[in-house]
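Here is a guided look at one protein for someone meeting it for the first time.

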Amino acid sequence: ILRRVALTSSGRLQIEQTAKKDLEFMKDFANIDVAVSLISDDRIEIAVSVQKPNNLESTNFVYLWDATAQELTNN
């Protein structure tokens with residue numbers, strides 16, 4: 001979806017919904033939260049938080065998508 005959707009407000013929502021759907025399989029053993037933010041005209045940030053049920057700590061992952069370079073990096 002990153003290569004097909006324009007990085008606009010509606011595109012951001014599509015990317016966020018797709019990421020949530022892709023991680024749905026984890027819902028049986030973890031609470032998942034996904035937030036997608038527009039950084040600039042050609043970059044977005046995808047933040048994923050994974051938390052085990054009944055655990056106060058979560059593990060956070062941040063990815064940056066550079067549409068110009070067509071590259072996803074872990075920050």
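## A loop between β3 and β4

Glutamine 70 sits in the loop that runs between β3 and β4, the latter covering residues 71–74. This is a predicted model, and in it the phi angle of glutamine 70 is near 55 degrees, a positive value in a residue that is not glycine. Is glutamine 70 buried, partly exposed or exposed? Its relative accessible area is 35%, so it is classed as partly exposed.

Asparagine 54 is not a glycine either, yet its phi is about 60 degrees. With a relative accessibility of 88%, asparagine 54 counts as exposed, because the cut-off for that word is over 50%.

## The overall plan

Now step back to the whole chain. The protein has one helix and four strands, and along the sequence they come in the order α-β-β-β-β. Its C-alpha atoms fill a box of roughly 40 × 20 × 15 Å along the principal axes.

Of the 75 residues in the protein, 24% are buried. The protein exposes about 5300 Å², and 47% of that area comes from carbon and sulfur atoms. As for charge, there are 8 positive and 11 negative side chains, with the centres of the two sets 6 Å apart. If you look at contacts between residues at least 6 apart in sequence, 24% of them join residues at least 24 apart.

## The nonpolar core

Which residues have the most contacts inside the largest nonpolar core? They are Leu2, Ile15, Val34, Val36, Ile44 and Ile46, in a core of 13 residues. Helix α1 (9–22), strand β1 (31–40) and strand β2 each supply at least two residues of this core. The biggest share comes from β2, which gives four residues.

Leaving out residues up to four places away in sequence, isoleucine 15 touches Ile1, Leu2, Leu7, Val36, Ile44 and Ile46.

## A buried glutamate in the helix

Glutamate 16 belongs to helix α1. Its relative accessible area is 15%, so glutamate 16 is buried, the limit being under 20%. What does the side chain of glutamate 16 lie close to? One of its polar atoms is 2.9 Å from the backbone nitrogen of valine 36. Beyond its neighbours up to four places away in sequence, glutamate 16 touches Val34, Ala35 and Val36.

## Serine 49 in strand β2

Strand β2 spans residues 43–51, and serine 49 is found there. This serine is buried, with a relative accessible area of 18%. Which side chain makes a polar contact with that of serine 49? It is the side chain of asparagine 60, at 3.1 Å.

Setting aside residues up to four places away in sequence, serine 49 touches Asn31, Ile32, Asp33, Ser58, Thr59 and Asn60.

Tyrosine 63 has its place in strand β3, residues 59–66. Its relative accessibility is 25%, so tyrosine 63 counts as partly exposed. Tyrosine 63 and glutamate 45 are 18 residues apart in sequence, while their C-alpha atoms are 5.7 Å apart in space. Apart from neighbours within four places in sequence, tyrosine 63 is in contact with Ile44, Glu45, Ile46, Leu72, Thr73 and Asn74.

One of those contacts, Leu72, takes us to strand β4, where leucine 72 is found. Leucine 72 is partly exposed, with a relative accessible area of 44%. Its contacts, again leaving aside neighbours within four places in sequence, are with Leu2, Tyr63, Leu64 and Trp65.

Terms used: Residues are numbered from 1 along each chain as its sequence is written. This is a predicted model: local features need pLDDT of at least 70, side-chain atom pairs count only at pLDDT 80 or more; totals for chains, interfaces and linings use all residues. Side-chain values use heavy atoms; hydrogens and water are left out. Buried means under 20% relative accessible area, exposed over 50%, partly exposed in between (1.4 Å probe, protein chains only). A polar contact is a pair of N or O atoms within 3.5 Å; within protein, one must be able to donate a hydrogen and the other to accept it, and residues adjacent in sequence count only if both atoms are side-chain atoms. Contact means heavy atoms within 4.5 Å. Accessible areas come from the Shrake-Rupley method with a 1.4 Å probe; for residues, only the protein chains shown count as cover. Lys and Arg count as positive and Asp and Glu as negative; His and the chain ends are not counted. The place of a charge is taken as NZ of Lys, CZ of Arg, CG of Asp or CD of Glu. A nonpolar core is a set of buried Ala, Val, Leu, Ile, Met, Phe, Trp, Tyr and Cys residues joined through side-chain atoms within 4.5 Å.
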